[in-house]
Amino acid sequence: MANSFLKKKSFLFTVVGIHLIFVCFGATQLRPWGRWEKISAVLDYYGTLSGANSGYGFFAPRVGSQLQAVFEITDSSGKSQTVSLTDGLNREASLRVRKLIDWYWNDENNKNLQRSLAASWAGKMFARYPSSASVTVRLETYHLPSMGEYKEGKRPHWRPIYRAKFERQIKRKVNKEG
Amino acid sequence: MNHRFRNLAANRLISFFELFFLAPASARPLAILRVLLSVVLIMQALFLSSQLMDLLGPMGIIQGPLSQYLNDPNLPTLSSVNRILSHFGIVESQTIFLTAGLYFLSLLLLLAGYQTRAASVSTWLFHWILFNTGHCAKYGVDTFAHIALFYLIFMPVGKTLSLDAFFSQKPDAPSAMARLSLRVLQVHLCIAYLASGIEKASGPQWWNGDAIWRALMLPIYSQFDMSWLASYSFLAKLGCWTTLVVEIGYAIFIWPRKTRKLWIFLTLGLHLGIALFLGLEIFSLVMCVLTFSAFGVSAKENSCFQKASSPPPTSNLPKSASISLVNSGLASDTLL
């Protein structure tokens, strides 16, 4: 009885100990097993499914800037309106949509990805506004002065970093007989 | 003599670990974690329900192939679920609603504590699938929800405050498993806060007050006009330093009884401040739930379903181990 309890206790301590070591590695974003390819796949998978590989650097080490996507919707008559992906959303949904926009920054050197993201957002806007003929995507970053600069009179402003116009392709019916 | 001293020290250390990790505890804090976490995640699900297709759908904000390119191909996503369900004539949009619906149902079962273990597994699984699919839109709340849901699978969270406990009429007898579960959660939270605090402290923004200034002024988080802070920069600096003290100090001051209440109060205050001033309500609620249930609920209390004539608490520890705990002169809840 005592022997089986000791075995169970040792097993539990080992499992819990290994898991908490994983948590420590996740928190520090270290992956010392990275050089062992086969084992690292298994360990990484465990880290992902348990959440043990999570980092906790929220707002750390710095609070960055903000990116916003503005869409200029123009219909066939030339009438245009400016909208955003977050219009009319509640706070929780809006935060997530803004996270999607932040993906533009995730790989700044990957121009293909950036263009694909802009095209994807424009596609969404074409679906939301069926009468639109074109969608212009404008990305802007928020320039916030420091507290000292603000006191001296500098004010925050949006600075454009990207602009692309997407036009709706109208599928024409090919008249084979003609 | 030296050898005997070493043996004595080793025995005391082992006893300490046994007492710390295995001294019988009530499952009440874990049950409260289950209930409160379910309530917050149900609220989140309701907030996101109207945007399900935009966030997860193939014609959403991140469309079809791009979404697949950005997702990890080794993790289960709605696309992989749909590959299976498509054999039954179910299309992708139906898969999304089905998965989200099952996730919501699992959360309700988890809240009620009905078939708790199965509900924990399904909640964790569906949350993981949805979280992997929408990982481009994830933020801190999803990380902590995923961690907590994974723990709920193994923890005795249905032993009390649940329909399972009500139907079985078994008392919430203190157990070593409940104590071990609680300790894992507590240690994990300490690691998370410590890592977060240290990483913040490594940047100059958290020393000169700029981090709070920026967080309060960025349109994504800004809830009030806080521009007046520029004239009182010492307040921003104070806010940053207080955050560092609370987060780094969490791993130390949450343990001793004398400082525990103060640290719970400071941590909850920090998160309520984040909810109020940065508008991160769901994230803050999840963090409050974790700290409150891990450290704010006594593991000594009896379950509300426990009968008045219930037997005295029984331990899973064998007699010899229990004697060694008693001999160490430390009782479970006077330890810290």
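Predicted model: local features only at pLDDT ≥ 70, side-chain atom pairs only at ≥ 80, totals over all residues.
Hi everyone. A quick definition before we start: helices and strands here are DSSP runs, numbered from the N terminus.

My first stop is the loop between α2 and β1 of chain A, where A:F59 sits. What is the phi of A:F59? A:F59 is not a glycine, yet its phi is positive, at about 55°. Staying in that loop, we come to A:P61, which lies between α2 (37-50) and β1 (67-75) of chain A. The peptide bond joining A:A60 and A:P61 is cis, with an omega of about -5°. If you have the structure open, do have a look at that stretch.

Now, on to salt bridges. Over all chains, the count comes to ten salt bridges. Let me pick out one of the ten: the side chains of B:D54 and A:K124 meet at 2.8 Å, N to O. This pair crosses between chains, with B:D54 in helix α3 (residues 52-56) of chain B and A:K124 in helix α4 (residues 111-128) of chain A.

That brings us over to chain B and a pair of helices. In general, two packed helices are described by the angle between their axes and the distance between the axes. Here, helix α6 (residues 92-112) of chain B packs against helix α7 (residues 116-133) of chain B at about 145°, and their axes are 8 Å apart. The crossing of α6(B) past α7(B) is left-handed. On the α6(B) side, the contact residues include B:Y103, B:L107 and B:L110, while α7(B) contributes, among others, B:F126, B:I129 and B:L130. How do the residues of this contact divide? Ten are nonpolar, seven are polar and none is charged.

Which elements give two or more residues to the patch? Those are α6 and α9 (163-168) of chain B. The largest share, five residues, comes from α6(B), and B:L105 is found in that helix.

Note on methods: Residues numbered from 1 in each chain as written. Chains lettered and ligands numbered in written order. Heavy atoms only, no water. Axes fitted to C-alpha atoms, helices over the stretch in contact; angles between N-to-C directions. Helix = DSSP H or I, 4+ residues; strand = E, 2+ residues; numbered from the N terminus. Left-handed = near helix turned anticlockwise from the far one by under 90°. Contact = heavy atoms within 4.5 Å. Nonpolar A, V, L, I, M, F, W, Y, C, P; charged D, E, K, R; others polar. Salt bridge = Lys/Arg side-chain N within 4 Å of Asp/Glu carboxyl O.
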